[in-house]
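Visitor: Please show me the structure. Then tell me how you know what you say about it.

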Amino acid sequence: MSRPSELEEFLRAQVDEGAKDSSGQFTLSREKALEKLAAYQLQGGHAWVLKIVQAVVASGASQLAVRQTGTDTEFHFALQEPWTPELVEEAFYNPEVSADRALDHLKRGLWSVSLHNMRPFLLAAPGWGEALVWTGKTLKRGPVAARQTVLLAVSHRTIYEGKGIPLLRNLEAASGNAAVLAELRDRAFTCSIPLKVDNRRMDALQACPNFGISKTSFPIYLGFLPGDLPGLPIPPATLGDYRPVAAGDSTVSKVFHPTTHLPPKVAVACLITAHLREIKRGKTLVWETYTHHSTLYWVRDGVVVDWEILNTSPGCVSCALLVSAEGLGSDLTGLKLSRGELYQQRFQAALETFRPFLGQAEVSLEAMVRSQQLSGRVAGGVMLVGAVALAFMVPIWGLFLAGGAVATMSQSGAAARALEVDLKRGLERLQSEVRRLQPKLVARPYETQKDGP
């Protein structure tokens, strides 16, 4: 059995000691603030984790490590400018926008967890004599071990859960871990500092859902485009330590045009991606294309805060554009942008920056063609040897086998060539439609992006 986390130990102590009043009484203004904040909600049940990532990025931290346990999700990072318990408490109880951008992100994430979802959390930092602990009902001070980095631990369960069957508790914890991980994968792949979740790097453009490296999506180009837009930091593992969870077929992966230079910031980052999947027909595995929408992602403080599906036809070749949302208006959560004039201007500028790059793109499955041709020649050669041997015993069957061998060799690579033709047509169609595209957007829910296999 793993050792209980610091948050679990504190909460158990509270239960053992019985219900207590906080040693620090809430002022009337704090009570009123809590009443206002209790109705606060973020989009989705686990969007709070995005606000924590934003808080860490905005604080100037050099990296973020996320650790998932059977009871908590833990965030470990180091601050350039240390927070104090009093500073965090003041921000937490203040319903107005905080001047400190990092603290503003932090409190909005914690509001969602604590006030809306009734889940305990613990926050401790180097030099703090006591930790801040939300018990599910109130913010208290509690004992904490000396620390070298900041620790934020958020419980998987509400104050009303966790007393059931152990197996059920474990299943609930696993479900909570999976949901947090999915939120990070979907929207924190743009993190501008090293981001590890249980020691796996996630800060890479190749981790972009539906456009990055997977068994069914194969990037053709990864572009870093200069321009006059606000600078977008590139996730550091993009050309570094990122390893995909499930890479696709190596011969198809060679469709990618490698990039060697990684600038610190760009106007537009982009992925041009081929959408292929291997399916079973009869007893044979074959490749086929499928269609997907092109999408523009807006990024602020390391996470995707909003997105638009481009008004182009879904195709077997599509694109993902990533643009900074810095300076654009948003709602109070910061996770929904205002569709005003500045938004439209930046969208148009991003398209104009991207068009020349897309216009020069090419696609080739030559590596797959050569691989199929080699396999065909080997198979055909084996059949020819068999045909010669069989011809001495049953000439007619030897002749048939020899004909099959010739057909196998002559048709090898044909399937890959046909697939390549489909992709070339898909790319040409995308190039044509993006040339004519105007910033009249079709807004769709985020979940509709997951229309691939």
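Guide: We start with a sorting rule: Ala, Val, Leu, Ile, Met, Phe, Trp, Tyr, Cys and Pro count as nonpolar, Asp, Glu, Lys and Arg as charged, and the others, Gly among them, as polar. By that rule, the lining of the largest cavity divides into 2 nonpolar, 3 polar and 2 charged residues. This is a predicted model, where local features need pLDDT of at least 70 and side-chain atom pairs count only at pLDDT 80 or more, while totals for chains, interfaces and linings use all residues. Residues are numbered from 1 along each chain as its sequence is written, and side-chain values use heavy atoms, with hydrogens and water left out.

Visitor: What makes a space a cavity?

Guide: On a 1 Å grid over the protein atoms alone, a cavity is a set of points where a 1.4 Å probe fits but cannot get out; lining residues have an atom within 4 Å of a point. Points are joined across faces, edges and corners, and the volume is the space filled by probe spheres set on the points. The structure holds 1 cavity of 30 Å³ or more. The largest cavity has a volume of about 30 Å³.

Visitor: Which residues line the largest cavity?

Guide: Ser313, Gly315, Val317, Gly426, Arg429, Leu430 and Glu433 line it. Helix α11 (residues 414–436) gives the most, with 4 residues. Helices here are DSSP runs of H or I with at least four residues, strands are runs of E with at least two, and both are numbered from the N terminus.

Visitor: Why is strand β9 called largely enclosed?

Guide: Buried means under 20% relative accessible area, exposed over 50%, and partly exposed in between (1.4 Å probe, protein chains only). In β9 (residues 217–225), 9 of the 9 residues are buried, so the rest of the structure largely encloses this strand.

Visitor: How do you know that β9 and β12 pair?

Guide: Two strands pair if DSSP finds at least two bridges between them. β9 and β12 (residues 268–281) have 8, in the antiparallel sense. In one of these bridges, Leu222 has Leu271 of β12 as its partner.

Visitor: Why is Asn199 called exposed?

Guide: Its relative accessibility is 71%, so Asn199 counts as exposed. Asn199 lies in the loop between β7 (195–197) and β8 (200–201). Its phi is near 70 degrees, a positive value in a residue other than glycine.

Visitor: Where does Asn210 lie, and what is its phi?

Guide: Asn210 is in the loop between β8 and β9. Its phi is near 75 degrees, also positive in a residue other than glycine. With a relative accessible area of 22%, Asn210 is partly exposed.

Visitor: Why are β5 and β8 called edges?

Guide: 8 strands form an open sheet of mixed pairing, in the order β5-β4-β3-β6-β2-β1-β7-β8. β5 (139–142) and β8 each have a single partner strand, so one side of each is left without a neighbour in the sheet.

Visitor: How does β1 pair with β7 and with β2?

Guide: Strand β1 (residues 64–68) runs parallel to β7, joined by 3 bridges. Leu64 stands opposite Leu195 in β7. With β2, the pairing is antiparallel over 4 bridges. Here Val66 has Phe75 as its bridge partner. β1 and β2 form a hairpin with 3 residues between them.

Visitor: Which face of β1 is covered?

Guide: The covered face has Leu64, Val66 and Gln68, and the uncovered one has Ala65 and Arg67.

Visitor: What makes two rings an aromatic pair?

Guide: Rings of Phe, Tyr and Trp (its six-membered ring) pair if their centres lie within 6.5 Å; planes under 30 degrees apart count as stacked, over 60 as edge-to-face and the rest as tilted. The structure holds 10 aromatic pairs. Trp48 and Phe75 lie 6.0 Å apart, centre to centre, with 80 degrees between the planes, an edge-to-face pair. Trp48 is in helix α3 (residues 48–58) and Phe75 in strand β2 (residues 72–77), so the pair ties together parts 27 residues apart in sequence. Both Trp48 and Phe75 are buried.

Notes:
1 Å grid on protein atoms, 1.4 Å probe; cavity = no way out; pocket = protein on both sides within 12 Å on 5 of 7 lines; lining within 4 Å.
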